[in-house]
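This report goes through a single protein model under a few headings.

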Amino acid sequence: MDQKINVFVWDMDETLVLLKSLITGTYAKAFNGSKDVQKGIEIGKTWENQILRICDDHFFYEQIESCNKPYVDAMREYDDGLDLTDYDFANDGFVGASFDDDDNKRKLAYRHRLIAHKYKKGLRSVFGEKMIKSWDNLYEVTDDFTDKWLSSARTCVAECASGTKDVTPLVDSTSSRTQNVNVIVTSGSLIPSLVKCLLFRLDDLISYENVYSSWEVGKYQCFSLIKERFNGPNVQFCAIGDGWEECEAAENMQWPFVQIDPGPVSTSHRFPGLTVETLGHYIGVVYGESDDDDDDDDE
């Protein structure tokens, strides 16, 4: 296959989404008085409460918090395909992290399957317009407070996506010599991270299969899983994040790494600021310039 594939491996917190730094006040404090620290804390805590409530009420988080897996389909081998339409999740005898029991693993697999289904359907399939509007308002308030960080990050991911979010079309498509795919590797637990994708408008750009949690296994193991999944002679990887762990993992994988700086000084390594062109530069340094660029130079 001649087609080149770029896999963009994004960190979530303090990269695509600002949350922890809002809750602690560190984001606003970095602006030396020009931002209301208490307002930022209140915004962050509101998000935190909403995320946890949705996780517990609609994504089984209270039941499976101790069963964190690196990705949703990790339990698929235990799923026997039972029709879950009338399945009683509240009384099926599921017992937390008792992984030695295949029956318990099967019940966890059922929960993962329903979580994947809800993710694909989106929040509007679960909640009414009044609740959706309140989240939209919170998103806009947060975006304004962070100088359009959220919407700029989403725009960058959308530009990287090149109109596709699934892996299969990348293999079969002949419409372009280069295709891109976005993947998230977050240090947070899997279920809250999926809910964040839904609330922060990333779910239509990043499928549930492309969300990984390094909570238990570490960033390097997640990067290794991603490389094994996508690896090929024409596949290039680029990791983007703010932390030392993803930086170290990218170096060990020999991938380019783009360091995000949420502070107010940086211009090209934060949002707004980071562009697809910048990411392409990092990829070019490690992998060499693409044939497309060479063709452009010849014209």
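## Terms and the second largest cavity

For the classes used here, Ala, Val, Leu, Ile, Met, Phe, Trp, Tyr, Cys and Pro count as nonpolar, Asp, Glu, Lys and Arg as charged, and the others, Gly among them, as polar. The model is a predicted one, and the lining of its second largest cavity divides on these terms into 7 nonpolar, no polar and 1 charged residues.

That second largest cavity holds about 40 Å³ of space, and the residues that line it are Leu16, Val17, Tyr139, Leu150, Ala153, Arg154, Phe200 and Leu202. Helix 7 (residues 149-161) supplies the largest share of this lining, with 3 residues.

## The largest cavity

The structure has 3 cavities of 30 Å³ or more, and the largest cavity has a volume of about 50 Å³. Its lining consists of Tyr61, Ile64, Glu65, Cys67, Asn68, Lys69, His112, Leu190 and Ile191, with helix 4 (61-64) and helix 9 as the elements that give two or more residues. By class, the lining of the largest cavity comprises 5 nonpolar, 2 polar and 2 charged residues.

## The largest pocket

The volume of the largest pocket is about 630 Å³. Of the 23 residues that line this pocket, Asp13, Lys20, Ser187, Gly188 and Lys196 lie nearest its centre, and the elements giving two or more residues to the lining are helix 1 (20-24), helix 3 (37-58), helix 9 (190-199) and helix 11 (244-253). The lining of the largest pocket includes 9 charged residues, together with 8 nonpolar and 6 polar ones.

## Strand pairing around strand 2

Strand 2 (residues 178-186) is mostly covered, since 8 of its 9 residues are buried. Strand 1 (residues 4-10) pairs with strand 2 in the parallel sense over 7 bridges, and within this pairing Val7 has Val181 in strand 2 as its bridge partner.

Strand 2 is also joined to strand 3 (residues 211-213) by 3 bridges, and these two run parallel; here Val185 stands opposite Tyr212 in strand 3.

## Cysteines

How many disulfides does the structure hold? The count is 0, where a disulfide would need a pair of cysteine sulfur atoms within 2.5 Å. The sulfur of Cys67 is too far for a bond, because the closest cysteine sulfur, in Cys55, is 14 Å away; Cys67 is also buried, at a relative accessible area of 2%.

For Cys222, the closest cysteine sulfur belongs to Cys197 and lies 14 Å away, which is likewise too far for a bond. Cys222 counts as buried because its relative accessibility is 0%, and buried means under 20%.

Conventions. Residues numbered from 1 in each chain as written. Predicted model: local features only at pLDDT ≥ 70, side-chain atom pairs only at ≥ 80, totals over all residues. Heavy atoms only, no water. Buried < 20%, exposed > 50% of the residue type's maximum accessible area, 1.4 Å probe, protein only. Helix = DSSP H or I, 4+ residues; strand = E, 2+ residues; numbered from the N terminus. Pairing = 2+ DSSP bridges. 1 Å grid on protein atoms, 1.4 Å probe; cavity = no way out; pocket = protein on both sides within 12 Å on 5 of 7 lines; lining within 4 Å. Points joined across faces, edges and corners; volume = space filled by probe spheres on them.
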